Amino acid sequence: MQPARCFPTLAALFPLLSTALLSTGQAATRHHAHGAGSASRAQPVILAEHPGTELDARARDLSADDLADAKAHHDMPTVLIASAPLSATRGDIALFVQLQSARLCGSAGCSTSVYLRHDTQWKTVLDSVSGRISILPTSHKGMRDLLISDNDKWIWNGSSYQDTMPAAPIGDLRQSIEAHQKRNDTNDRKPGQKPD
């Protein structure tokens with residue numbers, strides 16, 4: 001797969017939003033969205049290097065703390081980006097940013113953050129998710145839904161993206177923690193010492 005072409009000016013970014021960075025000519029794939037009950041058409045977000053572009057410079061600004069920390073540890077991450085119109089508001093741009101290096105990527109892969117530009121301000125709308133990101137045709141509160149990997153649907157709650165995958169029941173978690181603490185308390189006591 002060849003990376004998309006780089007465009008040097010901001011004026012060239014708008015055609016870039018719907019073509020070069022979002023997709024490299026691949027057909028949309030079908031994914032099963034959690035809770036959707038049927039297959040949904042999802043547009044994969046294709047991350048690539050685009051050095052010298054306005055969006056690459058913005059991605060580096062938005063990731064400045066992580067890049068500075070990496071540099072302090074003699075690490076030079078690769079900056080991958082993509083952009084897409086996620087918002088129903090005309091002119092809003094979403095910027096997907098992934099920093100890749102051995103130090104920054106773990107067993108779950110590299111994480112991606114999503115920023116939304118409204119007017120001239122950038123806001124983090126999804127922070128550090130691991131897995132392939134696709135844009136669903138459905139939307140909530142004026143923002144397109146996102147699919148992480150193949151089954152984790154995220155929807156807009158009005159201020160940020162919210163995961164729709166159900167969490168483990170708190171009751172089971174609480175019981176598991178209490179059992180673990182009880183085992184550790186028993187193991188930590190000296191012979192003949194009574195529990196507190």
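I began with the largest pocket of this predicted model, and its space comes to about 240 Å³. I then looked up the residues around that pocket: 15 residues line it, and Asp66, Leu99, Ser111, Ser113 and Ser128 are the closest to its centre.

Helix 3 (64–72), strand 4 (93–100), strand 5 (111–118) and strand 6 (121–130) each give at least two residues to the lining of the largest pocket. Strand 5 contributes the most, four residues. By type, I noted six nonpolar, six polar and three charged residues in the lining of the largest pocket.

I turned to the second largest pocket, which holds about 160 Å³ of space. Its lining includes Val45, Leu47, Phe96, Gln98 and Gln100. I also listed Ala108, Gly109, Cys110 and Thr112 there, along with Gly131, Arg132 and Ile133. Strand 4 supplies the largest share of this second lining, with three residues. The residues lining the second largest pocket sort into six nonpolar, five polar and one charged.

Then I stepped back to the whole protein. I recorded four helices and ten strands. Read from the N terminus, the order of elements is α-β-β-α-α-β-β-β-β-β-β-β-β-α.

I looked up burial as well: the protein has 196 residues, and 36% of them count as buried.

My last entry is on contacts. Of those between residues at least 6 apart in sequence, 44% join residues at least 24 apart.

Terms used
Residues are numbered from 1 along each chain as its sequence is written. This is a predicted model: local features need pLDDT of at least 70, side-chain atom pairs count only at pLDDT 80 or more; totals for chains, interfaces and linings use all residues. Side-chain values use heavy atoms; hydrogens and water are left out. Buried means under 20% relative accessible area, exposed over 50%, partly exposed in between (1.4 Å probe, protein chains only). Contact means heavy atoms within 4.5 Å. On a 1 Å grid over the protein atoms alone, a cavity is a set of points where a 1.4 Å probe fits but cannot get out, and a pocket is an open set with protein on both sides within 12 Å along at least five of seven lines; lining residues have an atom within 4 Å of a point. Grid points are joined across faces, edges and corners, and a volume is the space filled by probe spheres set on the points. Ala, Val, Leu, Ile, Met, Phe, Trp, Tyr, Cys and Pro count as nonpolar, Asp, Glu, Lys and Arg as charged, and the others, Gly among them, as polar.
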